[in-house]
Amino acid sequence: MTEPLLVDRTDAVVTLTLNRPTAMNSLDVALKEALRDTLAELETDRSCRAVVLTGAGGSFSAGQDLREHVRTLDSADADPLGTVRAHYNPIAARLANLPKPVVAAVRGMAAGAGASLALLADFRIGGPKTRFLMAFAGVGLAADTGASWTLPRLVGHAKAVELLMLAEPVGADEACRLGLLNRLMDDDEQVLPAAQELATRLAAGPTVAYGAIKRQLSIADAGTLADALAAEAQAQAICGATADHHAATKAFVNKQKPVFEGR
């Protein structure tokens with residue numbers, strides 16, 4: 001049986017590949033559970049210092065597997081959208097709060113919950129065929145997998161309303177202009193190597209500080225200046241006690257290149 005999620009480790013970088021290419025990497029229960037549980041393991045895996053998220057074949061992910069969903073709707077299941085609480089919410093929380101950088105290699109279509117997954121990454125790299133489609137309203141649903149939180153932070157409230165309600169595809173150039181992509185490669189074949197190269201660079205950096213930065217921004221986005229200042233004080237107390245900070249400070253003073261170990 002083909003594994004729905006491929007996990008590849010190269011030094012300190014873990015690449016997670018959504019592996020249902022014949023179904024545009026749509027998210028069935030097996031894939032959602034594998035992604036949820038793997039992300040939970042990576043949270044405390046000190047050998048992993050950066051994550052790449054990508055899809056097999058020519059697509060990133062078409063979102064929820066609607067064939068599976070139709071079967072659920074036609075069954076006697078009293079909570080056909082229970083997958084939001086059981087799968088999508090935990091996946092979104094773990095991706096957003098993962099204390100290490102996440103880079104999404106977005107080749108081809110990223111639709112619905114698939115687009116939401118990409119938006120939860122810290123960096124998104126695409127190519128000429130990259131497309132985003134906030135497809136939820138097209139099947140009579142509201143946003144999920146964190147899109148109502150990530151999308152307005154990336155593109156602003158008014159544009160988020162447009163993308164979610166009109167459910168029209170966004171091409172690669174427009175996605176880059178809006179901030180849905182951080183980098184746009186000239187060739188789709190360059191997308192995954194570029195994402196892995198960036199992840200390798202990040203994995204060699206001060207990963208404790210990166211995790212703290214993610215927490216700071218999350219708090220500051222929703223809070224007051226006082227909340228942000230409190231989060232900064234807490235983050236600096238944590239980062240200031242790391243071996244990385246002590247070693248890098250000495251290296252700077254001695255005009256040397258710092259070596260970070262993630263501790």
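Start by selecting the largest nonpolar core, a set of 44 residues in which Leu16, Leu35, Leu117, Phe132, Met134, Leu151 and Leu180 have the most contacts. Keep in mind as you click around that this is a predicted model. Nonpolar side chains tend to be buried together in soluble globular proteins.

Zoom in on leucine 35 next. Leaving out residues up to four places away in sequence, leucine 35 touches Leu5, Leu16, Leu18, Leu53, Ile91 and Leu117. Now colour the second core, which is separate and has 15 residues, including Ala12, Ala195, Leu198 and Ala203.

Switch to cartoon view and pick out the open sheet: 6 strands in the order 1-2-3-4-6-8, with mixed pairing. Look at strand 1 and strand 8 (183-184) at the edges; each has a single partner strand, so one side of each is left without a neighbour in the sheet.

For the antiparallel part, select residues 5-10 (strand 1) and residues 13-18 (strand 2), which pair over 6 bridges.

For the parallel part, go to strand 3 (residues 50-55) and strand 4, joined by 4 bridges. Here valine 51 has valine 102 of strand 4 as its bridge partner. In general, strands of a sheet pair through backbone hydrogen bonds, either parallel or antiparallel.

Alanine 199 counts as buried because its relative accessibility is 0%.

**Helix 9**

Move along to residues 207-222, which form helix 9. With 16 residues at 1.5 Å a residue, helix 9 should span 22 Å, and its end C-alpha atoms are 23 Å apart, which agrees. Show side chains for the buried residues of helix 9: Thr207, Gly211, Ala212 and Lys214. They cover an arc of only 155° around the axis, so they sit on the same side of helix 9. What do the buried residues of helix 9 pack against? Bring up helix 3 (83-97), strand 4 (102-106), helix 8 (191-203) and helix 10 (225-240), and you have the answer.

**A loop stop**

Is serine 26 buried or exposed? Find serine 26 in the loop between strand 2 and helix 1 (29-43). Its relative accessible area is 6%, so serine 26 is buried. Beyond its neighbours within four places in sequence, serine 26 is in contact with Arg20, Leu31, Ser61, Ala62, Gly63, Gln64 and Asp65.

**Last stop: cysteines**

Select the cysteines to finish. How many disulfides does a search of the whole structure find? The count is 0. Take cysteine 239: the closest cysteine sulfur, in cysteine 48, is 18 Å from its own sulfur, too far for a bond. Cysteine 239 counts as buried because its relative accessibility is 12%. Cysteine 176, with 29% relative accessibility, counts as partly exposed.

Note on methods: Residues numbered from 1 in each chain as written. Predicted model: local features only at pLDDT ≥ 70, side-chain atom pairs only at ≥ 80, totals over all residues. Heavy atoms only, no water. Helix = DSSP H or I, 4+ residues; strand = E, 2+ residues; numbered from the N terminus. Expected span 1.5 Å × (residues − 1). Buried < 20%, exposed > 50% of the residue type's maximum accessible area, 1.4 Å probe, protein only. Arc of directions from axis to C-beta. Contact = heavy atoms within 4.5 Å. Core = buried A, V, L, I, M, F, W, Y, C linked by side-chain atoms within 4.5 Å. Pairing = 2+ DSSP bridges. Disulfide = S-S within 2.5 Å.
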